[in-house]
Amino acid sequence: MILASVSAEAASILLSVFVLAALTATMMLWMYATRLPAMKRAGLDPQAAAHTADLRGKLPDSAERVADNYNHLTEAPTVFYAVALGIVALGAADPVHVACAWTFVGFRIAHSLVQATVNRVALRFMLFSLSWVALIIMIGRAITRALSL
């Protein structure tokens, strides 16, 4: 195994990656648990979802919010995955990177819960922005570390 032995900090960063991946899987399950019954109630054939944009306005807002959040978890978090794994690969995992990784994940969990439930845009934007602050710190520190090798 390449990473048979990792530091506690590296293991914590990897755990944050797995938690964010689990959030994405949870939102995917929630999306189908809301979308499929909503499509049935609306009398929509599954083929109507061949292009998900075609479902806009045909399903209740509660089903669309969950689907939107699932899509959001395949956007900015992909940068987090790459950066977090790069930090571990560089051997740059330290308490600051760990704190930033968990801060990013915590804000993304909060963002998902807000978007999928009450959908307060100002609150979502704040959570999104704060998650990016943590990620930008990780990116900057990782670049600095990579340049010093």
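Reply: Start with a cut-off: a residue counts as buried when its relative accessible area is under 20%, and as exposed when that area is over 50%. The model is a predicted one. The residue to look at is P77. Its relative accessible area is 0%, so P77 is buried.

Where does P77 sit? Its place is in helix α3, which covers residues 76-90.

Next, the contacts. Set aside the neighbours within four places in sequence. P77 then touches L20, H72, F104 and R108. A contact here means heavy atoms within 4.5 Å.

Take one more pair, P77 and I137. In sequence, 60 residues separate them. In space, C-alpha to C-alpha, the distance from P77 to I137 is 15 Å.

Now the chain around this residue. From the N terminus, the order reads α-α-α-α-α. The C-alpha atoms fill a box of roughly 60 × 40 × 20 Å along the principal axes.

P77 is one of the buried residues. Contacts can be read the same way. Among those in the chain with a separation of 6 or more, 76% join residues 24 or more positions apart.

Last, the surface and the charges. The accessible surface of the chain is about 8,200 Å², and carbon and sulfur atoms supply 69% of that area. The chain carries 11 positive and 8 negative charges.

Key. Residues numbered from 1 in each chain as written. Predicted model: local features only at pLDDT ≥ 70, side-chain atom pairs only at ≥ 80, totals over all residues. Heavy atoms only, no water. Helix = DSSP H or I, 4+ residues; strand = E, 2+ residues; numbered from the N terminus. Areas by Shrake-Rupley, 256 points an atom, 1.4 Å probe, with all protein chains shown as cover. Lys, Arg positive; Asp, Glu negative; His and termini not counted. Charge placed at Lys NZ, Arg CZ, Asp CG, Glu CD. Buried < 20%, exposed > 50% of the residue type's maximum accessible area, 1.4 Å probe, protein only.
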